[in-house]
Amino acid sequence: MSVPEREPVRHDLIPVARPVIGEAEEQAVLEVLRSRHLSLGPRVPEFERRFADRVGAPHASAVSSGTAGLHLALRAVGVADCRAEDEVVTSPFSFIATANSVLYEGATPVFVDIDPDTLNVTADAVASAVTERTVALLPVHIFGYPADIPGMERLGLPIVEDAAEALGAVHADGTTVGGRGNPTMFAFYANKQLTTGEGGLVTTSDPAVKARIDSERNQGRAPNMQWLDHDRLGFNYRLSDLQCALGIAQLGRLDDMLEGRARVAAWYREALGELVERTGLELLCEDRGGDRRSWFVFVVRTPHGVDRDATIRALAERNIQTRPYLPAIHLFSFYRERFGFREGQFPVAEDAAARGLSLPFFPEMTQEQVAIVVEELTAVLTSD
Ligand SMILES: Cc1ncc(COP(=O)(O)O)c(C=O)c1O
């Protein structure tokens, strides 16, 4: 593909993501500031309770990041102080934190290839990788599409769900992602469906899991213990009251934000129809079998034979911010070196990684901005 000559930019930069922050968020944070109770205060349990109610889970534990949530959730289901023989089956097509959280406790991630439509691991693929060494499953609801957790639950192994990108997604049987009882991690970085700046949370139906995570996020202190008293190894994975106040305000507008994302996705689908026909550009799958995606990113796959990275550069010159999304985890150098991974092992994930392009996508995006992105993408992909 030859990249067309740079044309004068006729529009402002269109960012790849942008959080919705309004008066409610400003007010909520200001109140905490004025209270002087910035950490370990009342906003933490309030955010946890409201979030748990929202996804239909009995318990929730707020933590400092999604990664911290995965780490503590895995420890809580027994992936703690592992030997390298202990295996956790997961997806190679995720953000690197998914697999890294397995490494923190010395276990080995076992990757299985993803479904070409949903881009999630399937229950069958996971089942084929289970051995007597498997200690847990770590499925990912990638790009907000619900993975087949009911199918994986039938395998009878501990499951931790990575729902960093899936707040608002619903399974075909009507259960919400995060509401099935397995420890499920959500993440709140600024591009997520709900943001606390940085942050994460684990939902669970098991009060013992909640108690262990609450203790381990706070340096191993049990709820009945005194300040500076600790009865186990812990971490500082706490989320502050400032962040929880922001999260509470965001929960108040979550339905609007989710609707905004779905609306922008529908505009994109409509506007991209012709380009899909003309060039072989691929869109994310439509909802199927009753599963419902929560729109997190609008990722397209560039047509076969097109240089995705050159497309990103050409769009940047046209004031459109995009990202390669996502790299395959097994092909990162330290995974290759440590486990001997190589190209060709998980071809579907590798193809999605090579062609994935995340377009500007956020709840307040206008139809005009969508039209500009599509126009510029069309210009880049259809130039000779
Ligand atoms: C699928 C997935 N897993 C894990 C994480 C890690 O979350 P955090 O960045 O909050 O640590 C992310 C965040 O981007 C993610 O998208």
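Guide: Let's go through the sheets, the domains and a few single residues.

Guide: This is a predicted model, so to speak of local features pLDDT must be at least 70, side-chain atom pairs count only at pLDDT 80 or more, and totals for chains, interfaces and linings use all residues. Residues are numbered from 1 along each chain as its sequence is written, and side-chain values use heavy atoms, with hydrogens and water left out.

Visitor: How do I read a sheet, and what is the strand order in the open sheet of 3 strands?

Guide: Strands of a sheet pair through backbone hydrogen bonds, either parallel or antiparallel. Here, two strands pair if DSSP finds at least two bridges between them; strands (E, at least two residues) and helices (H or I, at least four) are DSSP runs, numbered from the N terminus. The order in this sheet is β3-β2-β4, with parallel pairing. At the edges are β3 (108–111) and β4 (134–138), each pairing on one side only. From one strand to the next, the twist averages 30 degrees. Strand β2 (residues 87–90) is joined to β4 by 4 bridges, and Thr 90 stands opposite Leu 138 in β4.

Visitor: Which strands stand at the edges of the sheet with mixed pairing?

Guide: That open sheet has 4 strands in the order β1-β7-β6-β5. β1 (59–63) and β5 (161–162) each have a single partner strand, so one side of each is left without a neighbour in the sheet. Inside it, β6 (residues 184–187) and β7 (residues 200–204) run antiparallel, joined by 4 bridges, and Phe 186 has Leu 201 in β7 as its bridge partner.

Visitor: Which helices lie across β1 and β7?

Guide: Contact means heavy atoms within 4.5 Å. Axes are lines fitted to C-alpha atoms, for helices over the stretch in contact, and angles run from 0 to 180 degrees between N-to-C directions. α2 lies across β1, β6 and β7 at about 130 degrees to β1, while α7 lies across β1 and β7 at about 15 degrees to β1. Helix α7 (residues 207–216) holds Asp 214. Beyond its neighbours within four places in sequence, Asp 214 is in contact with Glu 48 and Ser 61.

Visitor: Where are the domains, and how much area is buried between them?

Guide: Domain bounds come from an automatic or database domain assignment. It gives domain 1 (23–253) and domain 2 (255–322 + 360–381), with 28 Å between their centres, taken over C-alpha atoms. Domain 1 puts 24 residues into the contact and domain 2 puts in 21 residues. Buried area is the accessible area (1.4 Å probe) that two parts lose on being put together, summed over both. Between these domains that comes to about 2000 Å², with carbon and sulfur atoms giving 53%. Phe 143, Tyr 145 and Gln 193 supply 34% of the area that domain 1 buries against domain 2, more than any other three residues.

Visitor: How many salt bridges are there between domain 1 and domain 2?

Guide: A salt bridge is a side-chain nitrogen of Lys or Arg within 4 Å of a carboxyl oxygen of Asp or Glu. The count between the two domains is 3. Arg 54 forms a salt bridge with Asp 255, the closest N and O atoms being 2.9 Å apart.
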